[in-house]
Amino acid sequence: MIQPIITARNIVTYFGKNIVHDGINLRINRGEIYGLLGGSGSGKSTLLKEMTLLIKPQSGEIHVLGENLHNISPLASLKLRRKWGVLFQAGALFSSLTVAENIGITLREYSHLPAKLVKDIIHMKINLVGLPEHAAALYPSELSGGMIKRVALARALAMDPELLFLDEPTSGLDPVSAEAFDHLILQLRDMLGLTVVMVTHDLDSIWTIVDRFSVLGEKKVIAEGTLNEVLKNPHPVIKQFFGGTRGRIRRQREEA
Ligand code: ADP
Ligand code: MG
């Protein structure tokens, strides 16, 4: 059964005179990998921050896992925050902490688990994201870009969330590392039954792992749906975004 896990209705957001969202509507279903697309400055990161209780829109309603974020109580908000993991754009690791310490931060902050159990969980998460055992003792400066993203992902997964929010997780990675990271997200979704909300401008991610997505533009959601559905939308922003995509997909299908 298709079950919405996040809905946004008529979201309006502005910073001073800068109107970022003027009536955003979307629906994210349980278990899907959902993409948020749009040009730079179209309000993707802002929307992700609104979905994770970091900022409040001026009007409209966002529901996440059955909670209305608009009038959520402090206690409900604390409980809800434990149900999601976040990997933000500037989600840098603490350079003075080891990989294991970085991954353990939220566990230590939110849980009162015994130290031995925290250690076991950290090692499990290191395995889960495909990092080698010895990475636990390394510092961020000793890691490749792809490994850093995996550590940040392991940290986001530390509390066994139902929901994972990713802001441009593959930006800055070379194409091979980006593809490997995408496949990891897909595997984790399948294995853990996660729902994933991912801001991306990477067209490869969109046709390999994203189930449905929305395109933000002109302060609204210009199109929402599967790739095939969105490509049917004649809006110029869609055409510009996916210029040449139709041809490329057709070619890929013919080769397959
Ligand atoms: P995107 O992630 O799609 O590139 P953002 O959500 O980061 O876009 O930003 C959307 C718009 O909101 C931009 O014009 C940006 O300058 C503005 N903005 C975002 N956060 C703030 C803030 N904290 N204060 C003022 N303006 C902001
Ligand atoms: Mg952004």
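Mentor: A strand in what follows is a DSSP run of E, at least two residues long, numbered from the N terminus. The model is predicted. With that in mind, Asn10 is found in strand β1, residues 4-15.

Trainee: How do I read the backbone there, and what is phi of Asn10?

Mentor: Start with the general idea. Most residues other than glycine have a negative phi. Asn10 has a phi near 50 degrees, a positive value in a residue other than glycine. Its relative accessible area is 47%, so Asn10 is partly exposed.

Trainee: What is phi of Leu65?

Mentor: Leu65 also has a positive phi, near 50 degrees, and is a residue other than glycine. Leu65 sits in the loop between β4 (59-64) and β5 (67-68). The cut-off for buried is under 20% relative accessible area. Leu65 has 18%, so it is buried.

Trainee: Now the sheet. Which strands form it, and in what order?

Mentor: Strands of a sheet pair through backbone hydrogen bonds, either parallel or antiparallel. Here four strands form an open sheet in the order β2-β1-β4-β5, and the pairing is antiparallel. β2 and β5 are the edge strands, each pairing on one side only.

Trainee: How many bridges join β1 and β4?

Mentor: Five bridges, in the antiparallel sense.

Trainee: How many aromatic pairs does a search of the whole structure find?

Mentor: The general idea comes first. A pair of aromatic rings is described by the distance of the centres and the angle of the planes. The search of the whole structure finds three pairs. Take Trp84 and Phe165: the ring centres are 5.8 Å apart and the planes stand at 85 degrees, so this pair is edge-to-face. It links distant parts of the chain, with Trp84 in strand β6 (residues 84-87) and Phe165 in strand β7 (residues 163-167), 81 residues apart.

Trainee: Are those two residues buried or exposed?

Mentor: Trp84 counts as buried, at 8% relative accessibility. Phe165 is buried too, with a relative accessible area of 0%.

Trainee: What kind of pair do Phe213 and Phe242 make?

Mentor: Their ring centres are 5.9 Å apart and their planes lie at 40 degrees, so the pair is tilted. Phe213 is in strand β9 (residues 212-217), while Phe242 is in the loop between α9 (236-241) and α10 (245-255), 29 residues away. Both Phe213 and Phe242 are buried. With Phe241, they form one aromatic cluster.

Trainee: Which side chains have an N or O atom by an oxygen atom of ligand 1?

Mentor: Asn18 has a side-chain N or O atom 3.1 Å from an oxygen atom of ligand 1. For Lys44 the distance is 2.8 Å. For Thr46 it is 2.6 Å. Taken alone, ligand 1 exposes 560 Å², and the protein buries 58% of that.

Note on methods
Residues numbered from 1 in each chain as written. Chains lettered and ligands numbered in written order. Predicted model: local features only at pLDDT ≥ 70, side-chain atom pairs only at ≥ 80, totals over all residues. Heavy atoms only, no water. Polar contact = N/O pair within 3.5 Å; in protein donor to acceptor, adjacent residues only side chain to side chain. Areas by Shrake-Rupley, 256 points an atom, 1.4 Å probe, with all protein chains shown as cover. Phe/Tyr/Trp six-rings, centres within 6.5 Å; stacked < 30°, edge-to-face > 60°. Buried < 20%, exposed > 50% of the residue type's maximum accessible area, 1.4 Å probe, protein only. Pairing = 2+ DSSP bridges.
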